[in-house]
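Here is a short report on a protein structure. Look at the model first, then read on with it beside you.

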Protein chains: 2
Amino acid sequence: MFTYTFQDRKTQSLYLQLYQHIKDDITGGKLPPGEKLPSKRAAAKNLGVSVITVENAYAALQSEGYIYSKPKKGYFVSEISTLYHAAVQKAEPAQVHLPPKPDYRYDFTSNGIIPENFPFSVWAKLMREGFHNLKHDLMMPSPAGGIPALQEAICAHLKQFRGMDIVPEQVIIGAGTEYLYSLIIQLLGGEKCYAIQNPGYHKIHKIYRSVGVKTVPILEDAHGMSSAALKTSGASVAHISPSHAFPSGTVMSISRRHEILNWANETENRYIIEDDYDSEFRLDGKPLPALQSLDSGGKVIYVNTFTKSLSPTIRIGYMVLPPALAEKFYRTLGFYSCTVSTFEQYTLAKFISEGYFEKHINRMRNYYKKTRNRILEEIKKSPLAAISEVAEEEAGLHFLLKLNTALPDAFLKKKAAQNGVNLSFLSEYYLTDTAAAPPHILVMNYSGIPWDAIPDAVKALEKAIDQ
Amino acid sequence: MFTYTFQDRKTQSLYLQLYQHIKDDITGGKLPPGEKLPSKRAAAKNLGVSVITVENAYAALQSEGYIYSKPKKGYFVSEISTLYHAAVQKAEPAQVHLPPKPDYRYDFTSNGIIPENFPFSVWAKLMREGFHNLKHDLMMPSPAGGIPALQEAICAHLKQFRGMDIVPEQVIIGAGTEYLYSLIIQLLGGEKCYAIQNPGYHKIHKIYRSVGVKTVPILEDAHGMSSAALKTSGASVAHISPSHAFPSGTVMSISRRHEILNWANETENRYIIEDDYDSEFRLDGKPLPALQSLDSGGKVIYVNTFTKSLSPTIRIGYMVLPPALAEKFYRTLGFYSCTVSTFEQYTLAKFISEGYFEKHINRMRNYYKKTRNRILEEIKKSPLAAISEVAEEEAGLHFLLKLNTALPDAFLKKKAAQNGVNLSFLSEYYLTDTAAAPPHILVMNYSGIPWDAIPDAVKALEKAIDQ
């Protein structure tokens, strides 16, 4: 029979105290497996508690499997394996060692955004309006492809600004392009080989590798990804950025666009992923039409994101699927929940459809143009001018700075890091053929350098690569 | 020499008009490949426009690849492949045929939430405060695992309510559990075989299949997933919901938990995914400790979501990795951007750390308890009572309703659908061994049935399965 003492029931209910006592006796071995427990009535009487209290304690023990009941026979202690005793011994507190996070004064390796440039007040206003007017809609699960209001807003935007003749159902919303790539792989097939740009964006390569998909890096020439190399590569999908290749800055020529479209049209299972990541920020001249707008064969999957145009901290990207693939998406991947919250989908839909997005883009384009011009001027005024040459400065949020130096890229990069400046060289973006990589070319991502810090940033750059 | 006429430059700038004229002549064949264009100066004089206008038009044509320049020789028309002519012909407007969306009066097949139950005013208040106080932080990209404030809040919550002894760095945030599964597969390896519950949640099966991962469905007995079957299955990872299996409602016994932990500890590459999807809503008795809290070998990946506890339209889930896997995550998958926007991460962090989440859970637990009780009472009062028996009603947001009927499940399901009621039977959740599936057991997900509609919903149910 049990002999337990109880504390004030205000501290913990009696049934939980009893539960704990019995559990301790089971795990401690005092109540061995197979042992019959006293009946509820007997235990209640013996302990001076109500039958309900014993009943609740037994029920908790039973639901966790410490005891089991046999009809008309009562409750018995379960067989508990030995591992438990190891587990209840207090383990050392867990430690997780994270990779060190370097802290740079100036980072030219990736495109940050300046917090002040985000349209906080408009965004907050639209979100507030949504909370107020759309309570019901905000609680309805989003269709797999996104809410229709956002699909329509993006569709209208692409028609107007990218010359794309599409319908809203072709637009699929997701939590950033990285996530969308994984959907594309599921849609097209993970057994296919994917051609990627060389030099290219490391992350794309890492994503394909991480999900176990075969890639083949293909060198580019002055027209963009080599179509001759693509043809013999064995790839079925070409992942390219025709408007502005990263990091080379190459704009794919019209003839090359058609060669690659022709390649895709040769057999049924070939596709093109058009990664239009920074087309909004072509700073000079006319925006280029999307490759998608030339596609009459249903071969181009257009991918873009609001990460660069709005903020990297709002994780919204989208893809435009050819009609047949859109239907396949809803048929085979429609079971997925859309990865973007409805709150942000509705807010962004209004942000676009009420014209704020266009205004924001225009404002940012001017801001980046000014930033770029100021950086180029500062470079011109500095000793850097004598040993460098600027290239590919008209499109997108980076330019190339060719250094006249004999020092190896790795040495300069390290020296800059020691001076608090994070630099990347074009040669680092070669996934293969690294020997063929032209040395001494800096990839200058400038969007995250605050306006007032530009003179100092260029000075730091100059000092870092001072010979 | 060009002979173009221009419209009012207010309609379109002269350089764009010139660009369009020349482009039309190139694509129309009037200007054949290789043809030399007039010099900028000559063209300007001839057309009566400025040299700058011609320069801009040529630059636009060149950047798109329609023309190219040879140093000191001038501009020439490029070779354009034939496809273009096909592409510019106006295609039929795209059509995307979506699968039909059935509309039910009452849906007992999945757990919706009632919009009025979402804590709108608190959520909006916290988000507003964030916009006001955290402008800078909101614009800083989230680390791959999520922002520290949310990791800390979730860690503290799990310590307090699930008895889990963890550190914040073990908590990885993602846009819903579906997305997190794909990260887990990348972390553990897509070549492994994953054991899943049978009967089980179809979506989990679909996700594994969609990313090309091998699964083996394993039948459960009264204690949960069969450990004997698991041992001989060839699986390396067991995906289970020990607190409350869906849809059977089985709570895994302590002895089975230890058997499965022992199985995982037998060799280095075995793991357990603990899907704790609705543990917050155990309606009666003491909450069960998580399997994770018994794990001393670094074998359990704990996964949970705010989809059920807050709203399916806020896409935030998380996983708790054993320390060694957490380090591997940052080392090998740390290149991924976190898929949840910082706005919602900060809002949720405050929602938890300021105690609102606990209050909300308690409120919802009471609400669901009342809802369940009312549904059970209505069933008791109705003719259904005579032909049915309720089971597994104490945990989570569904219960089982065993029907005393001779009619096949598929027939009843169809009949109910014709009456506007969406039903699912336990037998539908058998991924294999469908012959062994017990018939006539309804899986009753009730969380989406509005309070006032309960009597009518039960009537509709009764009518639907009326014999």
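## Strand 9 of chain A and its partners

In this predicted model, strand 8 (residues 237-240) of chain A pairs with strand 9 of chain A in the parallel sense. Four bridges link the two. Across this pairing, A:His239 stands opposite A:Ile273 of strand 9. Strand 9 of chain A also pairs with strand 10 (residues 300-305) of chain A. That pairing is parallel too, and it runs over four bridges. Here A:Ile272 has A:Val300, in strand 10 of chain A, as its bridge partner. Strands of a sheet pair through backbone hydrogen bonds, either parallel or antiparallel.

Is strand 9 of chain A covered on one face or on both? Both faces are covered. A:Tyr271, A:Ile273 and A:Asp275 lie on one side, A:Ile272 and A:Glu274 on the other, and all are buried. Strand 9 spans residues 271-275 of chain A, and five of its five residues are buried.

## The whole sheet in chain A

Step back to the sheet. Eight strands of chain A form an open sheet, in the order 4-11-10-9-8-5-6-7. The pairing is mixed. Strand 4 (171-174) and strand 7 (224-225) of chain A stand at the edges. Each has a single partner strand, so one side of each is left without a neighbour in the sheet.

## Chain A overall

How many helices and strands are there in chain A? It has 16 helices and 15 strands. The radius of gyration of chain A is 31 Å, while the globule rule gives 23 Å for 467 residues. The value is well over the rule, so chain A is more spread out than a compact globule. Along the principal axes, its C-alpha atoms fill a box of roughly 95 × 55 × 50 Å.

Of the 467 residues in chain A, 59% are buried. The accessible surface of the chain comes to about 19400 Å². Carbon and sulfur atoms account for 52% of that surface. Now take the contacts in chain A between residues at least 6 apart in sequence: 70% of these join residues at least 24 apart.

## Helix 1 of chain A

Helix 1 of chain A covers residues 14-27, which is 14 residues. From its first C-alpha to its last it reaches 20 Å, close to the 20 Å expected at 1.5 Å a residue. Eleven of the 14 residues are buried, so helix 1 of chain A is largely enclosed by the rest of the structure. Among the buried ones are A:Leu14, A:Tyr19, A:Ile22 and A:Ile26. A:Lys23 and A:Asp25 are buried as well. After the helix comes A:Gly29, whose phi is positive, near 95°.

## Helix 3 of chain B

Turn to chain B. Helix 3 (residues 51-63) of chain B has 13 residues and reaches 18 Å from first C-alpha to last. That is close to the 18 Å expected at 1.5 Å a residue. Its buried residues are B:Thr53, B:Val54, B:Ala57, B:Tyr58, B:Ala60, B:Leu61 and B:Ser63. An α-helix has 3.6 residues a turn, so residues three or four places apart point the same way.

What do the buried residues of helix 3 of chain B pack against? They pack against helix 1 (14-27), helix 2 (40-47), strand 1 (67-70) and strand 2 (74-77) of chain B. Just after helix 3 of chain B, B:Gly65 takes a positive phi of about 90°.

## Strand 10 of chain B

Strand 10 (residues 300-305) of chain B has six of its six residues buried, so it is largely enclosed by the rest of the structure. B:Val300, B:Tyr302 and B:Asn304 point one way. B:Ile301, B:Val303 and B:Thr305 point the other way.

Strand 9 (residues 271-275) of chain B runs parallel to strand 10 of chain B, joined by four bridges. B:Ile273 stands opposite B:Ile301 there. Strand 11 (residues 317-320) of chain B pairs with strand 10 of chain B in the antiparallel sense, over four bridges. In that pairing, B:Val303 stands opposite B:Met319.

Methods. Residues numbered from 1 in each chain as written. Chains lettered and ligands numbered in written order. Predicted model: local features only at pLDDT ≥ 70, side-chain atom pairs only at ≥ 80, totals over all residues. Heavy atoms only, no water. Expected span 1.5 Å × (residues − 1). Buried < 20%, exposed > 50% of the residue type's maximum accessible area, 1.4 Å probe, protein only. Contact = heavy atoms within 4.5 Å. Rg over C-alpha atoms; globule rule 2.2 N^0.38 Å. Areas by Shrake-Rupley, 256 points an atom, 1.4 Å probe, with all protein chains shown as cover. Pairing = 2+ DSSP bridges.
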